[in-house]
Amino acid sequence: MAAAAAAESAAEIVREIAAVGAADLAAAAEPLRADCLRLARKVSLLSHLVAEVAEAGAREGDEGAAAEAASWLGELVRALQAARRFVELGRAPARSSGASDQDAICNNVDVQFKFVTWQLQTVLGSLPQSCFQISDEVQEEIDLVRSQLRREIEKKGDIDVNIFSKIHDILALHVSTVEAQCVQSHDQPGTPQMENLCNGHLELQNIIILVSEISGVPKSDAERLTSQLIEGLENMRVTDSKKPVNVSQSSDETKGSAETQKKSDTVAIPEDFRCPISLELMRDPVIVSTGQTYERAFIQRWIDCGNRTCPKTQQKLQNLTLTPNYVLRSLILHWCEEKGIEPPTRSKNDGSYLEVGGERVAIETLVRNLSSSSLDERKSAAAEIRSLAKKSTDNRILLAGSGAIPALVKLLSSKDLKTQEHAVTSLLNLSIYDQNKELIVVAGAIVPIIQVLRKGGMEARENAAAAIFSLSLIDDNKITIGSTPGAIEALVELLQSGSPRGRKDAATALFNLCIYQANKVRAVRAGILAPLIQMLQDSSRNGAIDEALTILSVLVSHHECKTAIAKAHAIPFLIDLLRSSQARNKENAAAILLALCKKDAENLACIGRLGAQIPLTELSKTGTDRAKRKATSLLDHLSKLQVL
């Protein structure tokens, strides 16, 4: 898997950098030597992080989490590669130079060191917690490294890190394009166009070259990209400085382009009207799943080259749907009219208005049929909406905008089980679009969804549990759902007696709800421990043990739940898992046992009586890094207890 390979690569780079010492940098001049040593020390603190990431991986069976994990790991590897290149500068023999040359070298080192620390700090800040089970100890190390890197950036001063962000985005697009063999033609270095553009921008040009070098971009490619980067960075400043700008036209825009060019030369384009990738006036703005807007051609090229993150925010794209931003396009057209600029036109082949308009009419008809007096029409409309909501973000937005959500909520109370199933599944599919989550809750869907969870057909119950999980991804909804009478009890019931898929959906929903502290107690009082203990013994169902351990690891952090887990006789089963389970399960079992035994001599004595020392000793030698730490800590507690 790509994620596994990236994690292994990250671990290898961390080990390589961590091994660098003062003797390796003896030939380096200051401040390069000091910068390299400080960077190596900070990177060495990430060894536990890359170990946990490599061993844990993304959530099993979750393709979205796997894609997000792989994307983040790719960014981490790129940041570590840049750090390694910087350290290699310190290991290379120093060249003799004059005083003025030495000053220039020091300035260059400062630029590259600041970029490397900024890039590393940024990627650590975007760690997707939902994809990896990062231990508290490692999270503390990450926070420490991030704070140290921030101080390094502040200490260097001068350079605006927003410049780094713009350069990084464009270089990332370029590298991805090259890797996917999607290279487009560029002006060659040395052309009059580039020379004119770079004249008077030598400092900015130098920063771009230095950042490109430390990012591993070949010099020839960096020089070709320099004109694009400088133009983009200068355009970025236009809104504040009100400088004249040049509105570039895409290759398929021919009619009126010269006239548009002349009229726009003296007009400052509002920043919101520019594509974040091209920095050009948008002619066909589209929205991606993160809510950012881009020019269709540029974001489509980004996606076609295999990227699955938002270029501006670096968040994972939940889907690859491009939703036309009609409001922004209307504002751009109005602005062009006011300024006397011919509006940028889209390709004649673009039929999005016609397609969306046609879909809107069909969708509005379906929504009306949800309230039909005919049961068959209501059922048929709900089934069609279920299918449409599954297909695209465009459909989810149009359906919600056409009033489908309140009508579907009413159908949750239908006495016809199939209609009920279609309605709850439609709401599940609509909730994939984050803005719809709030609309579904505001429409009063929680209580009827719980009723379906309790009394609906099995497939409807499964999808109701999945809907609760989806809605609970919003933190406020965790509180709302958890405090709704019968919600957690219904999930526990499905966890105990549902179908295999139903039990999995219930486990996922309960885990997410129990992140909120008050819901942990509610779950224990609702009887969650009985099915969890049963799952610990269920080796026949793939993933049952892992699901149970994951939920227990969340519950055990609450004192009342910790006491209840011990009283439910979970300790013997956890010790059995230390002897015979998979590496990941051994690690989680050891972590739960350690939490149960902290400041609890009775539980500690119990694991001693049950013979935990032997499997713990074995785990402390052969387990994952996290498992070794947990096992060693437990053995230390046991030895202290024996001394007493």
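A residue is exposed when its relative accessible area is over 50%, and buried when that area is under 20%. His569, at 57% relative accessibility, therefore counts as exposed. The model described here is predicted.

**Loop residues**

His569 sits in the loop between helix H29 (559–567) and helix H30 (571–580). Although His569 is not a glycine, its phi is positive, at about 60°. Lys599 also has a positive phi without being a glycine, in this case of about 55°. The loop that holds Lys599 runs between helix H31 (583–597) and helix H32 (601–609). With 91% relative accessibility, Lys599 is exposed.

Two further loop positions can be described. Ala19 is in the loop between helix H1 (2–18) and helix H2 (32–44). Its C-alpha atom is separated by 8.3 Å from that of Ser44, a residue 25 places from Ala19 along the chain. Ser499 belongs to the loop between helix H24 (487–497) and helix H25 (500–513). Leaving out residues up to four places away in sequence, Ser499 touches Met458 and Glu462.

| Residue | Relative accessibility | Class |
|---|---|---|
| Ala19 | 60% | exposed |
| Ser499 | 17% | buried |
| His569 | 57% | exposed |
| Lys599 | 91% | exposed |

**Nonpolar cores**

In soluble globular proteins, nonpolar side chains tend to be buried together. The largest nonpolar core in this model has 94 residues. Within this core, the residues that touch the most other members are Ile468, Ile528, Leu529, Leu532, Leu555, Leu574 and Ile607. Helix H28 (residues 544–555) supplies the largest share of the core, eight residues. Another core lies apart from this one and has 53 residues, including Ala3, Ala6, Val77 and Val138.

Leu532 gives a local view of the packing. Setting aside neighbours within four places in sequence, Leu532 is in contact with Leu495, Ala548, Ile551, Leu552 and Leu555.

**Helix H28**

How many of the twelve residues of H28 are buried? Eleven are, so the helix is largely enclosed by the rest of the structure. The buried set consists of Ala544, Ile545, Asp546, Glu547, Ala548, Leu549, Thr550, Ile551, Leu552, Val554 and Leu555. These buried residues pack against H25, helix H26 (517–525), helix H27 (529–536), H29, H30 and H31.

**Cysteines**

A disulfide requires a pair of cysteine sulfur atoms within 2.5 Å. By this rule the model has zero disulfides. For Cys514, which is in no disulfide, the nearest cysteine sulfur is that of Cys561, 7.6 Å away. Cys514 has 0% relative accessibility and is therefore buried. Cys606 is likewise in no disulfide, and the nearest cysteine sulfur to it, that of Cys597, is 7.9 Å away. Cys606 has a relative accessible area of 18%, so Cys606 counts as buried.

Methods. Residues are numbered from 1 along each chain as its sequence is written. This is a predicted model: local features need pLDDT of at least 70, side-chain atom pairs count only at pLDDT 80 or more; totals for chains, interfaces and linings use all residues. Side-chain values use heavy atoms; hydrogens and water are left out. Helices (H or I, at least four residues) and strands (E, at least two) are DSSP runs, numbered from the N terminus. Buried means under 20% relative accessible area, exposed over 50%, partly exposed in between (1.4 Å probe, protein chains only). Contact means heavy atoms within 4.5 Å. A nonpolar core is a set of buried Ala, Val, Leu, Ile, Met, Phe, Trp, Tyr and Cys residues joined through side-chain atoms within 4.5 Å.
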